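Good morning, and thank you for coming. Please look at the model on the screen while I speak.

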Amino acid sequence: MFSYRHAFHAGNHADVLKHLTLVACLQYLAQKDVGLLLADTHAGAGIYRLDQELARTSGESGRGIVRVAAAAVQARAQGQTLPAAVQAYLELVQTYNLGSDSLRHYPGSPWICQTLLRPQDQLKLFEVHPTDARLLERHVADLGRGKQIELRRSDGFAGLRALLPPPTRRALVLIDPSYELKTDYAAVLDCLEDALERFPTGCYAVWYPVIARPESHALARKLKALSTRVQRPWAQALLDVGQAPTSGRSAEVARGQARTPLHASAMHLINPPFALAEQWRAALPWLSATLKEGPGAQWQVESGG
Ligand code: SAM
């Protein structure tokens with residue numbers, strides 16, 4: 001059975017990149033009134049406590065969202081304006097930490113989606129880990145939003161098929177596996193290929209770790225090739241925080257790489273919002289400077305189509 005628990009990693013640099021992107025996409029798509037299908041194929045537990053055991057053990061949020069929030073306070077105190085995407089993401093995270101001096105709660109992707117969900121939208125979540133699925137179910141039930149949010153305890157890759165195309169012909173799909181299984185890399189591509197056949201105009205967002213593994217390098221390349229083959233616009237962003245001097249000490253499991261802290265990850269979007277690449281180009285230099293751990297820190301944005 002799976003051992004990956006997102007609570008260890010909640011609010012780390014990879015979540016910062018992924019969730020900042022998700023907020024930017026959702027805000028853009030909400031400019032049109034027509035209802036949206038939001039699908040999160042690998043949902044996790046929904047919302048996390050940063051002051052409890054799992055997150056404290058890893059300390060990853062301290063080098064992620066906590067650092068971003070502190071740098072934002074400092075920047076504002078110096079009269080600087082934050083990049084718009086950073087500002088929007090931080091504002092959303094802060095809504096779960098009102099009245100608190102420190103960040104105690106961190107919204108995962110289902111929570112970001114439900115925060116920005118409008119009455120005409122639908123949110124479909126998939127999670128297979130028994131503990132996280134139970135937690136997510138409880139969190140969703142507490143929201144009391146009835147059928148607008150649906151959780152399935154089943155494979156998100158397979159489950160997405162039945163959702164596409166959505167009746168309103170508008171969707172944002174987040175594909176964010178743990179890559180605990182080597183087969184996840186190929187499954188992402190198969191899932192996307194099938195989804196694009198069913199619904200070519202959906203906005204698809206894939207997160208992946210950038211690690212020393214052939215499957216990881218190949219995925220970046222294959223995602224671009226797929227986007228080009230189906231003739232859809234795409235955008236890709238990479239954030240590498242560099243190697244920390246204490247490398248190898250902290251993380252329990254970093255996306256399938258036991259005891260090797262993850263230092264780089266990327267997002268690939270197909271049919272991205274028009275301004276996303278520009279928003280990334282404004283935000284990533286600031287994020288990179290803020291989250292830098294050591295040598296090798298860099299960021300990249302590419303787009304095409
Ligand atoms: N998307 C979440 C977020 O950003 O807050 C984090 C998700 S975490 C990286 C990946 C999750 O996918 C884990 O909770 C894992 O249990 C779950 N998972 C793994 N394989 C799955 C599958 N085939 N279908 C659905 N969920 C799966």
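A crossover is right-handed if, with the strands pointing away from the viewer, the path from the first strand over the helix to the second runs clockwise. This is a predicted model, in which local features need pLDDT of at least 70 and side-chain atom pairs count only at pLDDT 80 or more, while totals for chains, interfaces and linings use all residues. Residues are numbered from 1 along each chain as its sequence is written.

Helices (H or I, at least four residues) and strands (E, at least two) are DSSP runs, numbered from the N terminus. Strand E6 (residues 171–175), helix H8 (residues 183–198) and E7 form a right-handed β-α-β unit.

Two strands pair if DSSP finds at least two bridges between them. E6 and E7 pair in the parallel sense, over 4 bridges, and Leu172 stands opposite Cys203 in E7. With strand E11 (residues 264–270), E7 pairs in the antiparallel sense over 6 bridges; there, Met267 is the bridge partner of Trp207.

A residue is buried if 20 or more other C-beta atoms, placed from the backbone, lie within 10 Å of its own. Why is strand E7 largely enclosed by the rest of the structure? Of its 7 residues (203–209), 7 are buried, so the strand is largely enclosed. One side carries Cys203, Ala205, Trp207 and Pro209, the other Tyr204, Val206 and Tyr208, and all are buried.

Let us turn to His6. This residue lies in the segment before helix H1 (13–29) and is buried, with 24 other C-beta atoms within 10 Å. His6 and Gly46 are 40 residues apart in sequence and 9.5 Å apart in space, C-alpha to C-alpha.

Methods. A residue is buried if 20 or more other C-beta atoms lie within 10 Å of its own, exposed if 12 or fewer, and partly exposed in between; C-beta atoms are placed from the backbone.
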